[in-house]
Amino acid sequence: MIKVLKFIAFIFLMLAPLSSLKAAETKELKVGTVPVPHAKILQLIAPDLKKQGINLKIIEFNDNGLMPNIALNDGSIDANYFQHVPFYQSQAKDRKYDFINVGEVHIEPIALYSKKLKNISELRKGAVIAVPSDPSNYARALILLHNNGIITLKDPNNFTATKYDIAKNPKKIEIKTVDGPLLVRTLSDVDGAVINGNYAMQGGLSSKDVILREDSKSKYGNCVFVRKGDENRPEIKALVNALRSEKVKKYLKETYNDEVIPAF
């Protein structure tokens, strides 16, 4: 009996370093994101990263896009995946961020939604259109209206344009700015609202509610951002490779159709 106990103890001592080594080889990667579709996409690739020794921890934020960058800046997370380059640039200018874009993943075409109109030809003179209040998506909404002949901007390539940059407004459209997460709720009070894809999906909107949609040539692809100096970390590269995989491309096409478009 004593020999058996000694043998068990010996085996335990031999295996303990191996289990410690395995634990040491597993690295945790914290990624800040928003619920739809970003968190869903990250959940999809988590098992693939697990096989590479990376424990993906998904941190969801539900604010208007400020907290994922704050958390990345203060070191609470390793990367964020929720924003396009113009949005980051507007935040970086105000808050002095120094992040690196390590990969574009998908485009959520911004669209004009309406519960009152079935076609853009029904847009009345003096109609009220709500747009996102953050600078980059405000300009993006105006560019969508410009590209569809509703207004004319002085410079359609100005990614910080506001209503004061409108050169022509033949229908006297009133532009009303609203926080992005609240735009879906405004639809009953306005003629239409230009809404980001993630907020539209969270709010239960679908293609049948779309009057106008951005095309696949959009310059507003959602990217993965990291702190400067972290761009060459192996686990960051593994994250980007997994997000830009054929598996994700197939998932986006089958799950979201034209509401979320692969950018790779």
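Two strands pair where DSSP finds at least two bridges between them; strands (E, at least two residues) and helices (H or I, at least four residues) are DSSP runs numbered from the N terminus. By these criteria, an open sheet of five strands has the order 9-6-10-5-11, with mixed pairing. The model is predicted: local features require pLDDT of at least 70, side-chain atom pairs count only at pLDDT 80 or more, and totals for chains, interfaces and linings use all residues. Residues are numbered from 1 along each chain as its sequence is written, and side-chain values use heavy atoms, leaving out hydrogens and water.

**Sheet**
- Strand 9 (174-178) and strand 11 (210-213) are the edge strands, each pairing on one side only.
- Strand 6 (residues 128-132) runs parallel to strand 9 and is joined to strand 9 by five bridges.
- Within this pair, Val 131 stands opposite Thr 177.

**Helix 5 and Ile 143**
- Ile 143 is located in helix 5 (residues 135-147).
- Ile 143 counts as buried because its relative accessibility is 11%, where buried means under 20% relative accessible area, exposed over 50% and partly exposed in between (1.4 Å probe, protein chains only).
- Beyond residues up to four places away in sequence, Ile 143 touches Leu 153, Pro 156, Asn 158, Phe 159 and Tyr 220 (contact: heavy atoms within 4.5 Å).
- A C-alpha separation of 9.4 Å lies between Ile 143 and Glu 214, which are 71 residues apart along the chain.

**Helix 2 and His 38**
- His 38, in helix 2 (residues 35-50), is buried, with a relative accessible area of 0%.
- Outside four places in sequence, the contacts of His 38 include Tyr 81, His 106 and Asn 222.
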